[in-house]
Amino acid sequence: MEKEEKSKLKILFQALIVGVIAGAIVGLFRFGIELTSQFWLGLFQKAHQNLWWFVAIILGLFLVGLISGFFVKQYPHVGGSGIPEVKLQMQGKLHLPWWSILWRKLIGGILVIGTGLFLGPEGPSLQLGSSIGQGVAGAFKQNKSNTRILLAAGAASGLSAAFGAPLSGALFVLEEVFHNFSPSVWMNALIGAIASDFVVSNIFGQKPSLALPYNHMFPTYLYWHLLILGIILGLLGHLYKKGLFGLKKIYAKIHVLPSWLYGLIPLAILIPIMYCLPLITGPGNHLILSLPKMITASSWSLVGVLGAYYIIRIAFSIVSYDSGLPSGIFLPILTMGALIGGCYGLLMVQLGLLPEKLVINLIIFSMAGYFAAIIRAPFTAIVLITEMVGSLLHLMPLAVVAFVALLVDQLLGGRPIYGQLAAAMEKPQADHQLSGEADQLVLPVYENSQLVDKTIREISWPKNTLVKTIQRDNEMIIPDGKTKILPGDILVLEVDASQRGNVYTAMKKLQGVELDG
């Protein structure tokens with residue numbers, strides 16, 4: 001037992017190292033994006049004075065598309081947010097060279113996100129962190145199980161550093177990426193997230209990317225607004241996912257350009273948007289932070305302006321992300337949610353159905369609701385917005401909007417967006433390719449699982465799978481054929497390392513419930 005405790009402390013120390021390194025790398029990532037963004041804004045300001053600057057702009061954006069596209073051509077998993085890749089790595093279905101991904105994602109992300117495309121740094125930050133976790137695990141020669149723990153710690157650290165929200169970083173990894181509230185993963189993810197946030201905030205001096213203070217409680221007699229808003233967010237969130245996967249099919253039919261140069265399309269479209277509407281470009285944090293001042297001048301025309309901003313952002317966000325450039329959709333999703341909330345709130349003000357001072361509340365609630373509908377991680381949405389705002393007084397309205405939006409998307413048949421993206425890139429593993437190296441798969445048993453109340457011998461386990469232990473009420477049970485499986489149990493399965501992904505998929509079917517949200 002003493003040996004086991006020492007092993008846990010070693011992993012905890014290594015997770016701390018991962019958090020510190022991830023904080024430094026993601027801090028550099030954020031700093032680089034900010035500098036690049038200022039550079040491009042400066043160029044477009046000069047273009048207003050002299051149109052010849054458009055020559056430099058066009059050449060510069062072409063080089064950005066060429067360099068970042070070449071990185072994706074070399075390693076396709078550099079493209080996109082990286083969160084689907086981390087999900088597959090956690091399931092044992094994907095293996096990536098961490099260093100090759102790390103430096104390309106870092107440079108490519110800075111180049112792409114800094115241009116002003118409607119793309120965010122949070123997903124790439126998570127992949128940067130997970131790559132660091134994988135690298136630290138390799139340096140300490142950890143086994144596959146502990147490597148996944150450090151990978152999860154790195155992912156949480158990266159997201160924490162991106163948002164300045166350590167609880168949300170750890171919770172997102174558990175709720176959406178790992179799908180298992182394992183104590184060892186939770187503890188290591190949290191220590192890494194806290195360490196990375198400390199580095200970013202105290203060494204780099206960077207603050208949370210969003211901070212919208214609001215001082216008025218949302219009265220219960222107006223909660224009917226939250227229900228309507230939740231329904232709208234659920235519908236629009238579902239529409240966003242439909243559009244995202246629909247445009248991927250259109251991109252696939254473009255034969256004029258090779259797929260690694262698709263990024264040139266949104267970069268070309270960006271030029272008139274950046275020239276005419278620089279405020280709405282970029283990940284969206286500057287637009288969100290400008291909303292409190294904008295909504296003080298409530299008018300019908302402002303309702304239309306915010307509605308137009310939303311339409312532009314949802315369309316161009318999809319065009320930008322589907323091009324495959326290294327970037328994410330986290331912050332753009334929150335931006336679109338904020339615009340929906342602002343538009344709805346101002347509309348209700350004009351109709352005399354809402355006090356103007358409460359519009360800012362709806363903007364904040366809507367960020368959580370839109371995030372919950374699209375990402376399908378409601379607890380992360382609630383905690384994330386709470387951390388950014390810095391107040392626990394508004395948890396109830398946040399929860400109402402988030403869960404109504406989630407329910408609407410679920411009723412429409414929606415699925416978690418990162419789960420869908422991961423499934424699209426998943427490749428089946430051949431059953432006959434056994435490595436001879438043992439690995440572990442830890443799975444929770446839910447209340448509605450088909451394994452509940454069955455004995456070990458009654459279950460047709462996947463081939464080459466051994467039920468090693470069952471964790472129940474903080475006790476470790478060594479099972480035999482007569483051991484009955486109960487709700488809340490955590491199964492620790494021993495599998496061949498090369499077959500972990502296949503066993504994970506087989507166990508999903510065997511349980512009869514979705515393990516990935």
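Me: Let's start with His 238. Which helix does it lie in?
Reply: His 238 lies in helix 9. Bear in mind that this is a predicted model.

Me: Is His 238 buried or exposed?
Reply: His 238 is buried, because its relative accessibility is 12% and the cut-off for buried is under 20%.

Me: What is His 238 in contact with, leaving aside neighbours within four places in sequence?
Reply: The contacts of His 238 are Asp 409, Leu 412, Gly 413 and Gly 414.

Me: Tell me about Asp 409 then. Which residue does it form a salt bridge with, and how far apart are the closest N and O atoms?
Reply: Asp 409 pairs with Arg 376, and their closest N and O atoms are 3.0 Å apart. Asp 409 sits in helix 16 (residues 395-411), while Arg 376 is in the loop between helix 14 (359-375) and helix 15 (378-389), so the bridge ties together parts 33 residues apart in sequence.

Me: Are those two buried or exposed?
Reply: Asp 409 and Arg 376 are both buried.

Me: Which residues are linked with them in a network of salt bridges?
Reply: Lys 241 is part of that network, along with Arg 376 and Asp 409.

Me: Why would side chains like that pair up at all?
Reply: Opposite charges can pair when the charged atoms of the side chains come close.

Me: How many salt bridges does a search of the whole structure find?
Reply: The search finds five. One that involves helix 9 is between Lys 248 and Asp 322, with 3.6 Å between the closest N and O atoms. Lys 248 is in helix 9 (residues 223-252) and Asp 322 is in helix 12 (residues 300-322), so this pair ties together parts that are 74 residues apart in sequence.

Me: What about Arg 472, which residue does it meet in a salt bridge?
Reply: Arg 472 meets Asp 489, at 2.7 Å from N to O. Arg 472 belongs to strand 2 (residues 466-472), and Asp 489 is in the loop between strand 3 (475-477) and strand 4 (490-496), 17 residues apart. Arg 472 is buried at 19% relative accessible area, and Asp 489 is buried at 1%.

Me: Switching to helix packing. How do helix 1 and helix 5 cross?
Reply: The axes of helix 1 (residues 2-49) and helix 5 (residues 122-139) come within 9 Å and cross at roughly 140°, which makes helix 1 oblique to helix 5. The crossing is right-handed.

Me: What makes the contact?
Reply: On helix 1 the residues include Val 18, Ile 21, Ile 25 and Phe 29, and on helix 5 they include Pro 124, Leu 128, Ile 132 and Val 136. By class, the contact has ten nonpolar, four polar and no charged residues.

Me: And at what angle do helix 5 and helix 6 pack?
Reply: Helix 5 and helix 6 (residues 144-163) pack at about 145°, with axes 6 Å apart. This crossing is right-handed. Gly 129 and Gly 133 in helix 5 are among the residues that meet helix 6, whose side includes Gly 154 and Gly 158.

Me: How does that contact divide by class?
Reply: The contact of helix 5 with helix 6 has nine nonpolar, eight polar and one charged residues.

Methods: Residues are numbered from 1 along each chain as its sequence is written. This is a predicted model: local features need pLDDT of at least 70, side-chain atom pairs count only at pLDDT 80 or more; totals for chains, interfaces and linings use all residues. Side-chain values use heavy atoms; hydrogens and water are left out. Axes are lines fitted to C-alpha atoms, for helices over the stretch in contact, and angles run from 0 to 180 degrees between N-to-C directions. Helices (H or I, at least four residues) and strands (E, at least two) are DSSP runs, numbered from the N terminus. Angles under 35 degrees count as roughly parallel, over 145 as roughly antiparallel, 65 to 115 as roughly perpendicular and the rest as oblique. A crossing is left-handed if the near helix is turned anticlockwise from the far one by less than a right angle, and right-handed if clockwise. Contact means heavy atoms within 4.5 Å. Ala, Val, Leu, Ile, Met, Phe, Trp, Tyr, Cys and Pro count as nonpolar, Asp, Glu, Lys and Arg as charged, and the others, Gly among them, as polar. A salt bridge is a side-chain nitrogen of Lys or Arg within 4 Å of a carboxyl oxygen of Asp or Glu. Buried means under 20% relative accessible area, exposed over 50%, partly exposed in between (1.4 Å probe, protein chains only).
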